[in-house]
Amino acid sequence: MAKTLKILVPDVGDFDSIPVIEVLVNVGDVVAAEQSLITLESDKATMEVPAPQAGKILSLDVALGDTVNLGDLIATLEVEASVAKQSTNYIPVRESQLELPTIAAAETVKPVSVDTDSSEETSVDYDFDLVVLGAGPGGYTAAFRAADLGLNVALIERYSSLGGVCLNVGCIPSKALLHTARVIDEAAAMSAHGLRFGKPEIDITQLRNWKGSVVSQLTGGLAKMAKQRKITVITGHARFTDKHSLMVASEAGLKAVSFSRCIIAAGSQSVKLSGLPWEDPRMMDSTDALELEDIPQRLLVVGGGIIGLEMATVYQALGSQVTVVEMLDQLIPGADKDLVRPLQRRLKERMNNIFLKTRVENVEATEDALIATLSGKNVPEKLKFDRVLVAIGRTPNGNLIGAEKADVHVDDRGFIPVNTQMQTNQAHIFAIGDIVGQPMLAHKATHEAKVAAEVCAGEKSFFDARVIPSVAYTDPEIAWVGVTETEAKQQGIDYKVGKFPWAASGRALGIARSEGFSKLLFDPKTDQIIGAGIVGVNAGDLISECSLAIEMGAEAADIGLTIHPHPTLSETVAMAAEVFEGTITDLYIPKRK
Ligand code: FAD
């Protein structure tokens, strides 16, 4: 006997009138369990609503372009009574609420077996030589480079503003706010040296507007440059329909776009911890935190990685009492422990609490507070906060673009494997940026973008960067590139260190920030630099010299003998090389007997 099952709009978080951007089935269709029925798109995430069980669609109660709310009827399904669940209301967990595994470091490019036949359909008249899916730093760079090389290019982006996560809700707004934090901190620090300013008056609306103006200056510039390059910008949500076409859904309706080649640059999204009250507006991901809606008195930051600590730095400087909770035994996992120590010391003085090896088990939303339940050694079981920021990592969007329709392989974590020419398993379809693997960084995306665009234009380009630098724009900053000491030890790589403490740098003392150091790792057989780590003010700017040195195969003497301007923090890099060489005069290192 058959039974009917009503499928309702699930809880996808903070939404009101969320648009249906795809309807994937028709009345009368027989669907499999877990087969997607419709796609919804909130401000924060795109999710497909699957069929809870196999069955036949008796009625469809939503159409493309409708807006829906929690609990609205999507469809009625006829299922076999023997397999029908007790409940008639099916509310699946939203995709972003699933607790995702920590993403392990992946190789930037992996060997993939490429289906070369798929690129040979050259006689067909496609709409575009190249379609780029996603307009983040990867996507817009690829589109611009390809257009400069003479291709007829379309750039598809679901938001009206180009620039992706980095420009709109990532690198750029966070650095504008970190600059604010630095000015506040430096002004306060000068009181110990005889220069006293009053307590800062913070006009949060003006600050927010300034941050917004920095973003719009950049994103507006991108739109202008796209126009100058005669790139067709299409606003809407795209999914593959086959190996040479995409369907773009927007308020204006559906638009089919065909391509000879395609570059997937659809990026990533924040990982959301499951079981937390995401429907409560006091719960934040990094995008919400950058909105700077208010300055909470008590802020919990879940995650002691780069993004969590950058936002903790901002809010603490603006006046919040910040507690940081990190599951692992160190902040900024990935950086050497000695590099993290000066940062941790400074944060300890400024943050209310830093709990390592601690988990946030639960957050209960009450009227006057968010009550977090913690588990760890010597930590309070429950703490009250006014806002909670969850910054526990990002997950790729590989499963949200209909890649299967183009036979593009997506791995079980949502990454799209590529080769050193950024080709997926389909030779004419490329992928770049966050969606292809770690490290999820804008400068990796832009370099991959140029390779992909050049290969699309027939050039013999390859992604062959030896190293990709990482930076935490905390205070002090931490930057590292190449082999870390931790990796060298784990992998049995022979190395010797040259380390220069900033306590001996005149410039560091002159800006009252001598807690940092510059550390270079050398291959003892060749004297070539293989890695570097810097902690201190502006470490992010200083690390570039080390990246160049590694790329150029520089030896310690090349770095030490290069004349660096005095007095600068950049000298500390040369002096670290001199320490390794034994030629340093700015320190006294007794000779070993
Ligand atoms: P994204 O920037 O994610 O862009 C992907 C684009 O594709 C988006 O605009 C998205 O809307 C669009 N898209 C996705 N799916 C579709 C679809 N189906 N149809 C249409 N459009 C679609 N990196 C750094 O290097 N330095 C930093 O200082 C830094 N700070 C950061 C701070 C924060 C708070 C965050 C969250 C990230 C930060 N990052 C930083 C990481 C950086 O933002 C990313 O590595 C970078 O944006 C990745 O670029 P991308 O082009 O791969 O993807």
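In this predicted model, helix α13 (residues 571-581) is largely enclosed by the rest of the structure, because 10 of its 11 residues are buried. The buried positions are E571, T572, V573, A574, M575, A576, A577, E578, V579 and F580, and the elements that cover them include the strands β29 (496-501), β30 (517-522) and β31 (529-536) together with the helices α11 (539-551) and α12 (556-561). After α13 comes G582, a residue with a positive phi near 80 degrees.

When residues up to four places away in sequence are not counted, Q316 touches V322, R350 and M351.

Antiparallel pairing is found elsewhere, between β13 (residues 237-242) and β14 (residues 245-250), which are linked over 5 bridges. These two strands are joined by a hairpin through 2 residues, and H237 has A249 of β14 as its bridge partner.

The packing of helix α3 (residues 171-189) with helix α4 (residues 204-228) takes place at an angle of about 140 degrees, with the two axes 9 Å apart. Angles over 145 degrees would count as roughly antiparallel, and α3 and α4 are therefore described as oblique to each other. The crossing of α3 past α4 is right-handed. On the α3 side the contact is made by I172, P173, A176, L177, H179 and T180, and on the α4 side by L207, W210, K211, V214, V215 and L218. By class, the residues of this contact comprise 9 nonpolar, 2 polar and 1 charged.

Most residues other than glycine have a negative phi, and most peptide bonds are trans. In the loop between α4 and β12 (232-235), K230 has a positive phi of about 60 degrees although it is not a glycine, and with a relative accessible area of 69% this residue is exposed. D407, located in the loop between β25 (394-396) and β26, likewise has a positive phi, near 60 degrees, in a residue other than glycine; at 44% relative accessibility, D407 counts as partly exposed.

Cis peptide bonds are also present in the model. The bond from Q438 to P439 is cis, with omega near -5 degrees, and P439 is situated in the loop between β26 (429-431) and α8 (442-456). The bond from D475 to P476 is cis as well, with omega near 5 degrees, and P476 belongs to the loop that lies between β27 (470-472) and β28 (477-482).

How values were computed
Residues numbered from 1 in each chain as written. Predicted model: local features only at pLDDT ≥ 70, side-chain atom pairs only at ≥ 80, totals over all residues. Heavy atoms only, no water. Axes fitted to C-alpha atoms, helices over the stretch in contact; angles between N-to-C directions. Helix = DSSP H or I, 4+ residues; strand = E, 2+ residues; numbered from the N terminus. Parallel < 35°, antiparallel > 145°, perpendicular 65-115°, else oblique. Left-handed = near helix turned anticlockwise from the far one by under 90°. Contact = heavy atoms within 4.5 Å. Nonpolar A, V, L, I, M, F, W, Y, C, P; charged D, E, K, R; others polar. Pairing = 2+ DSSP bridges. Buried < 20%, exposed > 50% of the residue type's maximum accessible area, 1.4 Å probe, protein only.
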